[in-house]
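Please look at the sequence and the structure before reading on.

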Amino acid sequence: MHTLFQVFVDIALRRSGPEDLPASGFLLLLTLGAYLVVSSLATLFFADGFADVMAQVGVDIILLFAWFAGMLVLYRRPARIPQTMTAILGTLTLVHLLQLPLWFWLQSAGDSPEAATLPLLAIWGILLWSFLVIGHIVHRAVEIPLPGGVLLALAYFLVSLAVYSQLFPVPAEV
């Protein structure tokens with residue numbers, strides 16, 4: 001398990017790529033399970049109850065697979081789907097794990113903008129770093145330049161934001 005964790009860290013630090021993972025359905029399911037648990041914990045900060053958490057995480061998984069597996073099919077590299085999705089899910093699990101304590105910190109800040117500044121900056125920094133990580137994975141998986149991979153990662157993020165804003169609108173405060 002430590003070796004697997006190290007591979008995801010190496011991918012996140014751009015020392016390795018998805019091709020360094022085995023094309024294993026079992027590993028993909030294992031990584032998906034870890035992502036579901038950690039993503040559910042992160043979603044608790046935004047959702048209204050268990051059903052809402054499950055709905056949001058379900059939509060997240062569908063969007064991730066539709067976007068990135070679809071991209072691999074469009075680039076004529078469908079055989080790379082297991083490794084690429086394992087790399088994406090594994091590194092996003094790491095991203096969520098890094099952000100979880102920051103979400104707790106932000107929640108404890110309450111309505112104090114001063115107390116919220118540092119955790120918000122850290123959350124945004126990790127989010128920006130995640131674009132580079134996912135862009136790196138895409139770059140290696142479909143063999144395009146890194147800036148193209150980052151743009152595809154950013155495009156995914158913007159599409160997912162649009163879908164979430166339609167499916168899970170934030171109620172206006174009165």
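Is S130 buried or exposed? S130 is buried, because its relative accessible area is 7%, where buried means under 20%, exposed over 50%, and partly exposed in between, with a 1.4 Å probe and protein chains only. This is a predicted model, in which local features need pLDDT of at least 70 and side-chain atom pairs count only at pLDDT 80 or more, while totals for chains, interfaces and linings use all residues. Residues are numbered from 1 along each chain as its sequence is written, and side-chain values use heavy atoms, without hydrogens and water.

**Helix α5**
- S130 belongs to helix α5; helices here are DSSP runs of H or I with at least four residues, numbered from the N terminus.
- Helix α5 covers residues 113–142, and its 30 residues reach 42 Å from the first C-alpha to the last, close to the expected 44 Å, which is 1.5 Å times one less than the number of residues.
- After α5 comes E143, which has a positive phi near 60°.
- From S130 to H96 the C-alpha distance is 9.9 Å, although they are 34 residues apart in sequence.

**L161 and the largest pocket**
- L161 sits in helix α6, residues 146–167, and counts as partly exposed because its relative accessibility is 45%.
- The largest pocket is lined by 36 residues, and L161 is among those nearest its centre, together with F46, W103, F157 and Y164.
- Two or more lining residues come from each of α2 (25–43), α3 (50–74), α4 (81–109), α5 and α6.

Definitions and conventions:
On a 1 Å grid over the protein atoms alone, a cavity is a set of points where a 1.4 Å probe fits but cannot get out, and a pocket is an open set with protein on both sides within 12 Å along at least five of seven lines; lining residues have an atom within 4 Å of a point.
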